[in-house]
Amino acid sequence: MSAVATPVSPMLVRLAAEKATGALLRDHGTLYLVDGRVVHAESPAAPGVDVLLTTGGRLPRENWDEAVDRAGAHRAVGRFLVDSGRLQDGELEICHLGAVFDAAFFALSPTSGPTRFRYGVGHWFGTVRPVSAEAVERETVRRRELLDAVWPYPAVDTAPVVPRPAAPGQTTGARQRALLAEADGERTPAELARLLGRPAFHTLLDVRRLAAAGLVETPLTPDPDPVPPAPALLPVLPVPDPDIALLRRLRDALEAHL
């Protein structure tokens, strides 16, 4: 994987090389593989395909529920949506790929928890368009770098979005205005993404751009607690400059008694 100097997930790289099939479970999400390629991803931090389609207005909720009821057990929900005329192949593919890269970005975020792989486990949505593990890792790294290039303060990603007054003449686009209209000082970017039916990463990107423009507050990073000094066994007194002549006499006296 020459495009990524240090793999985001060494286990994902190994599973891709093994052409493994199953579920890669991490603290912030799960990636589903078939023959070593990523076919689905989900994360609590990212809206699923259902939210992107239904809340986004492309698919009535009852059509989604019907697809899950009739095709979920066969792991063919995506295929059912196309075959039943609910979606075109191209729009399903675009929406699903967006959801996969969105959830994978969070699932592959740095973690200190265990990473596990359950062989043979599949997802009920089914396979739409497999993506190489290399492409998923490369896109994850690109997104991390893009966020930091826009506004290198990751605290805004998880804190409630608190709007600030615009400066005279300062304007925003329609998408950012819609986000600010729902930002009540309590909703986080993840909650706003679900409310608006948008990918979570794109919501983070908008929030960072708004923060960089001064239209959203950037939470202050708390200073680390100071390390308490070690208790002194004796009172600490000022140390005067050494008297070189006195030190020499002391040395001579010690040597005379050796």
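Q176 is located in helix 7, which covers residues 174-182; helices are DSSP runs of H or I of at least four residues and strands are runs of E of at least two, numbered from the N terminus. The model is predicted, so that local features need pLDDT of at least 70 and side-chain atom pairs count only at pLDDT 80 or more, while totals for chains, interfaces and linings use all residues. Residues are numbered from 1 along each chain as its sequence is written, and side-chain values use heavy atoms, with hydrogens and water left out.

Q176 counts as buried because its relative accessibility is 16%; buried means under 20% relative accessible area, exposed over 50%, and partly exposed in between (1.4 Å probe, protein chains only). Leaving aside neighbours within four places in sequence, Q176 is in contact (heavy atoms within 4.5 Å) with D206, R209 and L210.

In helix 6, the buried residues are A133, A135, V136, E137, E139, T140, R143 and L147. These buried residues pack against helix 1 (10-18), strand 2 (29-34), strand 3 (37-42), helix 5 (89-107) and helix 9 (200-212).

D27 lies in the loop that joins strand 1 (22-26) to strand 2. With a relative accessibility of 43%, D27 counts as partly exposed.
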